[in-house]
Amino acid sequence: MTDSLFPTESAPTLPLLPLRNSVLFPASVVPVNVGRPRSVRLIEEVVGDGADRPLIGVVGQRRPEVEDPTFEELHHLGTVARILKVIRLSSGNYSVVLQGVSRMRVLEETSRHPCLRARIERIREAPTSDVEIEALAAHLREAARQLTAVLPNQPRDASAILDNVREAGALADLVASNLPVGNDAKQLILETLDVRDRIRKVLELVGRQSEVYRVKKEISTMVEEEMSRSQREYLLRQQLRTIKRELGEPEDDEDELEALREKVASLDLPTEAERAARKQLSRMRTMSSASSEYHVARTYVEWLTDLPWTKTTLDRLDVAEVRRVLDEDHHGLDQAKRRITEYIAVRKLRHDVRGPILCFAGPPGVGKTSLARSIARATGRQFVRVSLGGVQDEAEIRGHRRTYVGALPGRIISALKKAGSRNPVMLLDEIDKLGSDTRGDPASALLEVLDPEQNDTFADHYIEVPFDLSNVMFIATGNQKDTIPGPLLDRMEVIDVPGYTSEEKEAIARSFLIPRQLEEHGLSPERLDFEDAAITRLIEEYTREAGVRRLEQQVASVCRDVTVRLAGGEDVYVKASPAYVEKVLGPPRYLREELERRPQSGVTAGLAWTPAGGDVLYVEARRMPGKGQIHLTGQMGDVMKESVATAFSYVRTRAEDLGLPEDFLTKIDVHVHLPQGSVPKDGPSAGVTVFAALASMLTRLKVRPDVAMTGELTLRGNVLRVGGIKEKVLAAHRAGMKRILLPKMNEPDLDEVADEVRQALDIQFVTKASEVLPLVLEDLPQA
């Protein structure tokens, strides 16, 4: 059968009209504005031939931005269209009404001038009587009818038009041509030749558009309800304002704005801060006081006016008075007191000096925070504390931007508002416990705060006005220096606060802790008096710490016992003796093991550093029948395991000097154990201790129980420098040791140890492992 459109040609040639913003479907009638030169020539040539309702090919462009497309930039499947009407416009362009006739496929290019021409193949679509296709068509007709009901600007007879189209393929084309979807989606429908697939794709588009318009309608309804409520509130407030004006009563909103305006004018704000405040006040005048934007602007202005832009406290620069206050509040801590005194002296001679950034590093309970409070009291400055432990969000330091709901300034600006002055003593507590995650790195944000070269223009994200932090005296605290980020540590002056001796703890308890607890529990010294022996027992048998926090808790327990008895009606006057302490607190928590031990082989006392201060760490070594294997227990880390292996290898190389046979390992196994197996242990400083334990065990010579040691051991027998000497020496002194062995390289570190501690200990310095055994073993004569 011959196509009635092309009665003589199976593959006719047609001029092609490119469309860049639309897709023409068969049976659709659309107006098109023609303005590009090549397209204008096409219309003029076709109309000039005098044919009635001539035919052209309509194809879509792959890229709409191309002004003069070639064949390669056109889709190969388009539509044969009939020109129904041509209207010439005043600009020289044409408005052309096109009617889609059928799909076509572009076979080959035939001409480019004066317009695009190509040989095309018409794609016929045979009528279908498939049951599934009819069911899909019915489903599509109903879905399109429901979508038409919610789409804007649809013709009234849209439903009737859908009912009049009987062919399934034509129905899919009709619905697709009227969907508000992109050209790519429509082109995909045009290129889908299988009717069944085409209907399914159109159904999917209809379903998606129905969901989109359903959600849009819900949102629109919510917005209209909110607007209606806001308009109602606005009208009611306007009426209330009119009523108050008629009654002569003040208007709250205007009074509030006027109060803020007067506050801004009365304060000596920096130019940028004043400009920002006045800008927000101007915006507030045009807002409803019930709107969220009004409250955000008011809160921002209040922050600007509450910050101490120019308020300062007068520094007390009397060096003697500062030293008196520090001594009054704290016992010991001479290094920290000396550094603070030096700062005050420099500040007295030169007023423009920038505040130092001190970092007190030491175990818990040694007085780092209270020392910062004393510095503030001594210098006459305000004190404010910023806790940094566990902070992981950069916004905690720099603040949140005001675009976020519930935004607030960072902790630094908040602390300055709390202090009420621009030169407080600001304590950055637990700086070694800063974290970081996907929300930023707070340690990096602190660099701007602590760097004297840039903290005079610190910009909080919420305030957005530079604030001068150069007059703030920053003091940081931390338990470990190793976990403080390097760039931060580089900007701070670290002062170690390692811990207290037993004598210092007794003095602190007598002068500070007991009076404070008596006052807090409503007791007088007459009601409860601690004997010196009782304080000593509290320190030695109920606490084991570098600081005094646990000691104060035990003192509080004794005070509570007396308070309960008083509240019960007893007339109590207690002289707290060691026996009374044991009665209240129960059996001692800690026993001085080394004094109860008898000299024995294979057990040595080492000295270890922990975040809570120094500690005594015992090493036990035992031999048993076996085949030369070594067993290690006590939750040792990799570095400590290497120290044990090094010590064992050194013992084997010195077997002859120790009086051991060459094959001493062939019939025995060796077990090295560190007690308190639940506590992880690591580090190189146990090398000397392990060597002494192994040598004692193998030679069966007993070790003095009152000797402790520390030092890294090499395969050549050298004893190397280790860290934490002050903490370790204090731990040995607390444990009742009489002699300690230290690496010779650590001799300068003893300058930090108090004289009374050094005098109470026999401190021996060693450089070689061969010097250790004569100082440790009982039955081995000293060299």
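1. Start with helix α14 (residues 411-419). Helix α14 lies across β8 and β9, where contact means heavy atoms within 4.5 Å. The helix runs at about 155° to β8. Axes are lines fitted to C-alpha atoms, for helices over the stretch in contact, and angles run from 0 to 180 degrees between N-to-C directions. Helices (H or I, at least four residues) and strands (E, at least two) are DSSP runs, numbered from the N terminus.

2. Keep the source in mind. This is a predicted model, in which local features need pLDDT of at least 70, side-chain atom pairs count only at pLDDT 80 or more, and totals for chains, interfaces and linings use all residues. Residues are numbered from 1 along each chain as its sequence is written, and side-chain values use heavy atoms, with hydrogens and water left out.

3. Helix α12 (residues 368-379) lies across β7 (357-361), β8, β9 and β12. Its direction is at about 170° to β9.

4. Now the sheet under discussion. It is open and parallel, with 5 strands in the order β8-β9-β12-β7-β13. Two strands pair if DSSP finds at least two bridges between them. β8 (383-387) and β13 (493-496) are the edge strands, and each pairs on one side only. From one strand to the next, the twist averages 25°.

5. Look at one pair in that sheet. Strands β9 (residues 425-429) and β12 (residues 473-478) are parallel, with 4 bridges. Leu-428 stands opposite Ala-476 in β12.

6. Which strands pair with β5 (residues 94-111)? β2 (residues 29-34) does, antiparallel, over 6 bridges. β4 also runs antiparallel to β5, joined by 11 bridges. β6 (residues 117-123) pairs with β5 in the antiparallel sense too, over 7 bridges.

7. Check Leu-98 in β5. Val-30 stands opposite Leu-98. Leu-98 is also the bridge partner of Ile-83. Further along, Met-104 has Arg-122 in β6 as its bridge partner.

8. Two hairpins deserve a look. The hairpin of β4 and β5 has 5 residues between the strands, and Gly-92 there takes a positive phi near 95°. Another hairpin joins β5 to β6 through 5 residues.

9. How many cavities of 30 Å³ or more does the structure hold? There are 3. A cavity is a set of points on a 1 Å grid over the protein atoms alone where a 1.4 Å probe fits but cannot get out; lining residues have an atom within 4 Å of a point. The second largest cavity has about 50 Å³ of space. Its lining includes Leu-19, Val-58 and Gln-187.

Terms used: 1 Å grid on protein atoms, 1.4 Å probe; cavity = no way out; pocket = protein on both sides within 12 Å on 5 of 7 lines; lining within 4 Å. Points joined across faces, edges and corners; volume = space filled by probe spheres on them.
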